[in-house]
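Please look over the structure shown here.

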Amino acid sequence: MTNAGSTHPIKGHGWYDDMPWLARYPQGQPAQLTAEHATGLGMWQSAVRRAPDRVLVRYFDGALTVREMDRQSDALACALQQRGFRPGDRLGIFLQNVPQWVIALLAAWKAGGVAVAINPMNRERELTYLLRDSGASVLVCHEDLFAVARDVIPATAVHTVITTSALDYQTRDDQRVFGAVYRQRFQGTEDLLELVQHYLGRGPIPSPVAPGDVAVLTYTSGTTGEPKGAMNTHRNVCFTAQVYRDWIGITGGDVILGAAPLFHITGLIGHVGLALLLPAPLILGYRFHPLVLRDAVVEHRPTFVIAAITAFVALANSGVAKADLASLTKTFSGGAAIAPATRERILAQLGLDVHQAYGLTETTSPSHLQPWGVPAPVDDVSGALSVGIPVFNTVVRIVGEDGALVPPGQLGELEIEGPQVVPGYWNKPAATAESLPGGRLRTGDVGFMNPEGWFFLVDRKKDMINAAGYKVWPREVEDVLYEHPAVREAAVIGVPDAYRGETVKAFVSLWPGHDVTPEELIAHCRATMAAYKYPRTVEVLADLPKTTSGKILRRELRVRGEAAAG
């Protein structure tokens, strides 16, 4: 079925008027969807009415039903209001993947406020910036993270600190993840579970939220400057949660594996948002540990997961068997591009047919998804695997340096417009005007669209290497490295070079049981790449540095590479 004739509100305004990706939509799938819910709170209230006794969260041997989650978030919202939390106030969530994350999110919404998602790996400097920038007045954090927050609080607007133990809501105390966790109490803080128990049965003062109100502030990684708080609205959250549901065909009978960190936009929408919408059970495991994750799959039989490709690689690297993961019939990867060779290895070793997803913090998770069950093509020239096609109600164009539309097949920057795009950055009008002119997101990602409407990413604009005047995109070199059977992870950077200005350097880690020399990897690349592209040096590391969401930290590798270059 070809949907290219479907109406679209932005068609004819300088985009690809024929929108060839619509012809890739499966038979019967519309080009447009109408969001069923206007706010995250309304979405949740619908779930409470429809399935109050369904399990919403499983946490090791613990479980919370929809009804229990509703009562406990009511109680916490009431406690927040009693402590001066008002509509529009911000609540920082400084937690790992625990049930309290969901309780705190719903409580913030019920009190009319905004959740601020904070990376639990942040240290004092990052936490200070996020709390000051967001103006958060309440912080919910793990007991063992209070050591990070304690000295930060006086320099912020935070007046209430609620601590919680990762050991709550379960009794198994798996030492693989809880080995260093013990219960602590601190003067001047309150315990989340005690607050919930004290206010249980009481409801908060109704504080309605509107579709355009900010639901969550999610901060960009700040790789090119200070982090910016993307204002993910209730409208954004409801739309993208429904995109996952309708695009993939997920139902309340499915079970969601929470493999991505909840503070990250993928975990926020692809785990929490989807679970609240359906409702469906969400399996949480505190922090990522491949064998703990494997055991959770065996015990709870989840069917859907979206995670960074590094999580799947970690599973494969840990000797997990295909049979252990057999329940995962709907698998997606987002957060970083997938090399075709890696995808094939995951399929062969784990039996997981990993589909591609692409999106940003500013698109509230997916702007592109691979149609379920439809193979994603590999570009013949670059060797890149397609990241999919634009999802419902979304239009994308590739633009050149002058901002003009470029034809299919030509490189340019991706620009995105749709209901998932945030209205701006928190208290940063200049950054909003630069990155979101007229409501269109300038992604900073370089790629192209083929004539059939499939989109391919090449790299970030800032990561391009200029070697003696020739453009080298790291992604292309990395994909060639991944074709070597010994290479588990690869990252390519430009390093200073007296003759060429910049030259290509690669960092790799290897699969267990494999051995290869840098010289062999250089020769492998040289055999298939133009002379200016192949890496002149290769450094083998045990593991490449990564964010908690699984993205390889090229900036850390640049520091290492520049130091080695002298």
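Predicted model: local features only at pLDDT ≥ 70, side-chain atom pairs only at ≥ 80, totals over all residues.

Seven strands, listed as 7-6-5-3-4-8-9, form an open sheet with mixed pairing. Strand 7 (190–191) and strand 9 (229–233) stand at its edges. Each has a single partner strand, so one side of each is left without a neighbour in the sheet.

Strand 5 (residues 138–142) has strand 3 (residues 90–94) as a parallel partner, over 4 bridges. Within that pairing, isoleucine 93 has valine 140 of strand 5 as its bridge partner. Strand 5 also runs parallel to strand 6, and 5 bridges join the two. Leucine 139 stands opposite valine 161, and histidine 142 stands opposite threonine 164.

## Inside strand 5

How many residues of strand 5 are buried? The count is 5 of 5, and the strand is mostly covered. In a regular strand, side chains alternate between the two faces of the sheet. Strand 5 can be read that way. Val138, Val140 and His142 point one way. Leu139 and Cys141 point the other way. Residues on both sides are buried.

Valine 140, the partner of isoleucine 93, points the same way as Val138 and His142. Leucine 139, opposite valine 161 in strand 6, points the other way, with Cys141.

## Helix 3

Helix 3 (residues 99–110) has 12 residues, which should span 16 Å at 1.5 Å a residue. Its end C-alpha atoms are 17 Å apart, which agrees.

Helix 3 lies across strand 3, strand 4 (114–117), strand 5, strand 6 and strand 8 (214–219). Against strand 3, helix 3 runs at about 175°. Just after helix 3 comes glycine 112, with a positive phi of about 80°.

## Helix 1 against helix 9

Two packed helices are described by the angle between their axes and the distance between the axes. For helix 1 (residues 40–50) and helix 9 (residues 265–277), the axes come within 7 Å and cross at roughly 50°. That makes helix 1 oblique to helix 9.

Which residues meet in this contact? Helix 1 brings Met43, Trp44, Ala47 and Arg50. Helix 9 brings Gly273, Leu276 and Leu277. The residues of this contact divide into 5 nonpolar, 1 polar and 1 charged. The spacing has a simple basis. An α-helix has 3.6 residues a turn, so residues three or four places apart point the same way.

A second open sheet has 4 strands in the order 17-18-19-20, with antiparallel pairing. The edge strands are strand 17 (395–399) and strand 20 (455–460), and each pairs on one side only. The twist averages 45° from one strand to the next.

Strand 17 and strand 18 (residues 412–417) pair over 5 bridges, in the antiparallel sense. Here valine 396 stands opposite isoleucine 416 of strand 18.

## Loop residues to check

Where does proline 279 lie? Its place is in the loop between helix 9 and strand 11 (282–284). The peptide bond from leucine 278 to proline 279 is cis, with omega near -20°.

Aspartate 173 is not a glycine, yet has a positive phi of about 50°. Aspartate 173 sits in the loop between strand 6 (160–164) and helix 6 (175–178). Is aspartate 173 partly exposed or buried? Its relative accessible area is 32%, which makes aspartate 173 partly exposed.

Asparagine 427 is not a glycine either, and has a positive phi of about 55°. The loop that holds asparagine 427 runs between strand 18 and helix 13 (429–435). Asparagine 427 is exposed, because its relative accessible area of 59% is over the 50% cut-off.

Note on methods:
Residues numbered from 1 in each chain as written. Heavy atoms only, no water. Expected span 1.5 Å × (residues − 1). Pairing = 2+ DSSP bridges. Axes fitted to C-alpha atoms, helices over the stretch in contact; angles between N-to-C directions. Parallel < 35°, antiparallel > 145°, perpendicular 65-115°, else oblique. Contact = heavy atoms within 4.5 Å. Nonpolar A, V, L, I, M, F, W, Y, C, P; charged D, E, K, R; others polar. Buried < 20%, exposed > 50% of the residue type's maximum accessible area, 1.4 Å probe, protein only.
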